[in-house]
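Work through the exercises below with the sequence and the 3D view side by side, and try each task before you read its solution.

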Amino acid sequence: QVQLVESGGDLVQPGGSLRLSCVASGSIFSINAMGWYRQAPEKERELVAVITSGGSTNYADSVKGRFTISRDNAKNTVYLQMNSLKPEDTAFYYCNAEVLLASTYRAVRNYWGQGTQVTVSS
């Protein structure tokens, strides 16, 4: 099995910064992509940012210019640097990974972390 563990969520004032981390472990042959999603009360889960193993990135329009996703492939780790945080960024943030399993069939599976709370408030 594959596990994703997030860390870095906190309470921060508007305009502040946070850095989220997510580490993948388990029976992994390779990771095609890792990303961050978030879900706020009364809203649907949405994609925040995604990065492939080759370094290609994509961001939600609402976070472009403020958030930066990066990864360390050797450590199976993805980061989300969040700057100029706004109250509307408040949400539970989830790490996601598309994984090629270390198995005979090299199955592709999608995994989710447990999430970490980000709260932006004065």
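**Exercise 1.** Which residues form one aromatic cluster?

*Solution.* Before starting, note that this is a predicted model, in which local features need pLDDT of at least 70 and side-chain atom pairs count only at pLDDT 80 or more, while totals for chains, interfaces and linings use all residues. Residues are numbered from 1 along each chain as its sequence is written, and side-chain values use heavy atoms, with hydrogens and water left out.

The cluster consists of Y37, F92, Y94 and W112. The rule behind it pairs rings of Phe, Tyr and Trp (its six-membered ring) if their centres lie within 6.5 Å, and it calls planes under 30 degrees apart stacked, over 60 edge-to-face and the rest tilted. By this rule there are three aromatic pairs. In one of these, the ring centres of Y37 and W112 are 4.9 Å apart and the planes stand at 65 degrees, so the pair is edge-to-face. This pair links distant parts of the chain, since Y37 belongs to strand β4 and W112 to strand β10 (residues 108-112), 75 residues apart; strands here are DSSP runs of E with at least two residues, numbered from the N terminus.

**Exercise 2.** Over which rings does R45 lie?

*Solution.* A charge sits over a ring if NZ of Lys or CZ of Arg is within 6 Å of the ring centre and within 35 degrees of the ring normal. First, R45 lies over the face of Y94, at 4.0 Å from the ring centre. Second, the charged end of R45 is also placed over the ring of W112, 4.6 Å from its centre.

**Exercise 3.** Decide whether R38 is buried or exposed, and find the side chains with which R38 makes polar contacts.

*Solution.* Begin by locating R38 in strand β4, which covers residues 28-39. With a relative accessible area of 5%, R38 is buried, where buried means under 20%, exposed over 50% and partly exposed in between (1.4 Å probe, protein chains only). By contrast, Y37 has 23% relative accessibility and therefore counts as partly exposed.

Next, look for polar contacts, which are pairs of N or O atoms within 3.5 Å; within protein, one must be able to donate a hydrogen and the other to accept it, and residues adjacent in sequence count only if both atoms are side-chain atoms. The side chain of R38 makes such a contact with the side chain of E46 at 2.8 Å, and another joins the side chains of R38 and Y93 at 2.9 Å.

Methods: Helix = DSSP H or I, 4+ residues; strand = E, 2+ residues; numbered from the N terminus.
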